[in-house]
Amino acid sequence: MIDIYLFDWGDTLMVDFPGVPGKMCDWEVVEAVDGAKEALSYLSHHAKVYIATGAADSSEADIVRAFERVGLSQYITGYFCQANLGVAKGTPEFLPAIIDQLGIPKEHIAMVGDSLVKDIQPALAAGIKPIWLCRDEQQIAPESVQIIGSLRALCF
């Protein structure tokens, strides 16, 4: 049973518009990914939801403001980023540092993300359940990786 869901931020829960500079919380237009509200609402009734992001230029407060702008912050228990964790996403220490802070067995944690390299492979290496939001039906997932084409697939 999954008690904690870690979500990537950009292009997993909120649209990361290419070429738009600066912090997402300050962008003129911000947008939730299709199905994000439904998935987070559903999951937050059964588990805790956290953000695990590699946004190096945003503080935790900046990230919270971005999620508030799209009406998703109410479903999120907490935020892990380089600013408050002291470890950058993409390093081998990132997910283990989060697991240590959460203090629950890693078998009860899942990582949901859109990047095989930045989200799914690190989840496999850390021993947590990987859920790959993969919109490309041609992609083949490593064994033991759950693939979803939409966040709504998490509402089961």
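Against which strands do the buried residues of α2 pack? In this predicted model, the buried residues of helix α2 pack against strands β2 and β3 (78-80). The protein chain holds five helices and six strands, and from the N terminus on these elements follow the order β-α-β-α-β-α-α-β-α-β-β.

**The chain as a whole**

- The radius of gyration of the protein chain is 14 Å, which agrees with the value near 15 Å that a compact globule of 156 residues would have.
- The C-alpha trace spans about 40 × 35 × 30 Å along its principal axes.
- Of the 156 residues, 45% count as buried.
- Among contacts in the protein chain with a separation of 6 or more, 58% are accounted for by residues 24 or more positions apart.

- Strand β1 comprises residues 4-7, and both of its faces are covered.
- Ile4 and Leu6 lie on one side of β1, Tyr5 and Phe7 lie on the other, and all four of these residues are buried.
- In a regular strand, side chains alternate between the two faces of the sheet.
- Strand β2 (residues 48-52) pairs with β1 in the parallel sense over four bridges, and Ile51 in β2 is the bridge partner of Phe7.
- Strand β4 (residues 109-113) also runs parallel to β1 and is joined to β1 by four bridges; here Met111 in β4 is the bridge partner of Leu6.
- Together with helix α1 (residues 36-44), β1 and β2 make a right-handed β-α-β unit.

**Helix α2**

- The buried residues of α2 are Asp62, Ile63, Ala66 and Phe67.
- Seen down the axis of α2, these buried residues fall within an arc of 135°, and they therefore line one face of the helix.
- The strands against which these buried residues pack are β2 and β3.
- Gly71 follows α2 and has a positive phi, near 75°.

**Thr53, in the loop between β2 and α2**

- Thr53 is located in the loop that lies between β2 and α2 (60-69).
- With a relative accessible area of 5%, Thr53 falls under the 20% cut-off and is therefore buried.
- The side chain of Thr53 reaches the backbone nitrogen of Ala55 at 3.0 Å.
- Not counting residues up to four places away in sequence, Thr53 touches Trp9, Ile63, Phe80, Cys81, Gln82, Lys89 and Phe94.
- One of these, Ile63, is also among the buried residues of α2.

Technical notes: Residues are numbered from 1 along each chain as its sequence is written. This is a predicted model: local features need pLDDT of at least 70, side-chain atom pairs count only at pLDDT 80 or more; totals for chains, interfaces and linings use all residues. Side-chain values use heavy atoms; hydrogens and water are left out. Buried means under 20% relative accessible area, exposed over 50%, partly exposed in between (1.4 Å probe, protein chains only). Helices (H or I, at least four residues) and strands (E, at least two) are DSSP runs, numbered from the N terminus. Two strands pair if DSSP finds at least two bridges between them. A crossover is right-handed if, with the strands pointing away from the viewer, the path from the first strand over the helix to the second runs clockwise. A polar contact is a pair of N or O atoms within 3.5 Å; within protein, one must be able to donate a hydrogen and the other to accept it, and residues adjacent in sequence count only if both atoms are side-chain atoms. Contact means heavy atoms within 4.5 Å. The arc is that of the directions from the helix axis to the C-beta atoms. The radius of gyration is taken over C-alpha atoms; the globule rule is 2.2 Å times the number of residues to the power 0.38.
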